[in-house]
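I opened the model to look through it one piece at a time. My notes follow in the order in which I looked.

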Amino acid sequence: MSYKRGQFGIVLLALLVFVGCKKPLYPVNATIKSTNQVTVTEPDSELLEIIKPYKERLDAQMNRIIGFSEKELTRGPLQSTLGNFIIDLILVKSEEYYGKPIDFALVTIGGLRTPIPQGNVTVGNIYELMPFENELVVLTLKGSTVEKLLEHSVEHKNTQFAGLTYTIEGGICKNITIDGKPFDVNKSYTMSVSDYLAGGGDHLDFLKESEGTYQLGKTFRGAILEYIEEMTKKGENIACEKDDRVVVVE
Amino acid sequence: MESRREFIKKSVLGLGALAMGGTSTELFAKSKSKKLTILHTNDMHSWIEPYTKGKHKGMGGMAQRAALIKKIRLEEQNVLLLDAGDIFQGTPYFNFFGGELEFKLMSEMGYDAATLGNHDFDNGLDGLAKALPHAQFPFLTCNYDFTKTELAGKFLPYKVFVKGGIRIGVFGTNIEMNGLISEKNYGDTVWLDPIGKAQETVKQLRGEEKCDYVICLSHLGLTYKENPSKMCDILLARNVEGINLIIGGHTHTFLSKPLTETAPDGRKVLINQVGWAGINLGRIDVDFSYQHQPKDWQSATINIVENSWKTT
């Protein structure tokens, strides 16, 4: 309703602009004038013809159903149905691309743009979830860098991990395990992550301290699409619950 | 549908004729002044179609922009259509077709020139090389050196357009790649100091090329609050003599009117930028004296709204 009212305003404005056009637009010695205008227009039919075959191919791709989700997966702080589903599959696919085990994987919730809807899941849904062309990399991190990452997690609560579990008690991070073993600050760990976060994006500047970077040559989105299609081939639906990877003790 | 379009076409033609017969010719006859109409976009980010949701619902769209530009071309004699970069990346059209459609549509609209944004490197130098044959307009850059890359010789530092006898020099300046574009995507491209290269290029345009008006297409970004010494349009304007207008991009800034800065010689430089995603078309009309000196200007930021969205 309010949208229609807004549109009425636009039509009025357009009319004003139209009426305004009949006056001499640029008299000599015009004073400098800046206006904001709204133009309401039909699309140009010649350009629509050029767009048409591309749009048809694109729509066919984007509307292709690749899986079925038992319920809506949404994002949230520390861990979430969407975050756990995505980062668990990223760890699995990264290990497959890497050809050897990786200790853990990380994504931030800012990088997961929309929920996975309940019911049919299309290629388009995954493009909305992950519109960026971020690529997967494997970082080798010192124990001290992992500590900084966990401090960041406790403070901002915007990380989602696979292969790394911890308890937050009184604002302190404890009982940390990586790949099922207690965390050792003197050890180095491998972590799968997007090249965006690896480059210090989303205020994770300390990730730039990594001891090594290995490019997997695959996109984050590509890994999600592949994994869901593989699930569907196996007759599995998309499903994920929260678990005890992060425990908060009040 | 068709008859409606015809009606609009006729009204536009009629309006154009009215303007020609009434005011403009009279004005030309009396003062011999001339007008240049500069239309511009920046950061269109592969928004081929209008937005279908969110606060920009119904806005933008390349076919919609084309209709507006056609209308203006009927009304105005001397039109320049320019883009300040980041044509690529933002919708699946780019992921699937690599920018080919964006370039085709811009060519169809009659873009005269564009410059390169950082996202135009998103498919690497080969991705850009592959899309480039679909662009029937030049890309201008004076401070990216592609000599050691496969794109050597594909770009111009500047181009001179002659409109109604007025010589307009257009050149491009571009943002530092380091930290913004992944290295594998820009390869051996070298970034040169924009101020130094702009000074050199403007000297050429004002000298040998005898330009009356100089436009810089910039993808440097308007300004950076958190890092005021970072190269930007405002610093470019303050450090280079001889530019009349900077058409900017990168920072996705919605300016409702151009900013005015002062060049080292005390002359005014206009800077404009109209947001992103093709939501707006920028328009600057410049009146020239009979000696081809720019006199007055007027500007408009035109928000494009698809007709069918009025009723839905």
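pLDDT is the predictor's confidence in each residue, from 0 to 100. I used it before anything else, as this is a predicted model, in which local features need pLDDT of at least 70, side-chain atom pairs count only at pLDDT 80 or more, and totals for chains, interfaces and linings use all residues. Residues are numbered from 1 along each chain as its sequence is written, chains are lettered from A and ligands numbered from 1 in the order in which they are written, and side-chain values use heavy atoms, with hydrogens and water left out.

**Confidence.** I looked up the scores for the complex and found an ipTM of 0.87 and a pTM of 0.77. Chain B has an average pLDDT of 90, and 88% of its residues score at least 70. Residues 1-10 of chain B stay under 50, and the model gives them seven contacts beyond four places in sequence; a contact means heavy atoms within 4.5 Å. Residues 12-31 of chain B are also below 50, with 24 contacts in the model beyond near neighbours in sequence. Where pLDDT is low, the predicted coordinates should not be read in detail.

**Chain B overall.** I noted eight helices and 13 strands in chain B; these are DSSP runs, helices being H or I of at least four residues and strands E of at least two, numbered from the N terminus. Of its 312 residues, 58% are buried, that is, under 20% relative accessible area with a 1.4 Å probe and protein chains only. I also checked contacts between residues at least 6 apart in sequence: 73% of them join residues at least 24 apart.

Strands β10 (residues 259-262) and β11 (residues 268-272) of chain B pair antiparallel over four bridges; pairing requires at least two DSSP bridges. B:Thr262 has B:Lys268 of β11(B) as its bridge partner. Five residues lie between the two strands of this hairpin, and B:Gly266 in the turn has a positive phi of about 90°.

**Helix α5 of chain A.** How far apart are the end C-alpha atoms of α5 (residues 143-156) of chain A? I found 20 Å, which agrees with the 20 Å that its 14 residues should span at 1.5 Å a residue, the expected span being 1.5 Å times one less than the number of residues. Its buried residues include A:Val146, A:Leu149 and A:Leu150. Among the elements that cover the buried residues are β3 (104-108) and β10 (188-194) of chain A. A:Lys157 follows the helix with a positive phi near 55°.

How values were computed
Buried < 20%, exposed > 50% of the residue type's maximum accessible area, 1.4 Å probe, protein only.
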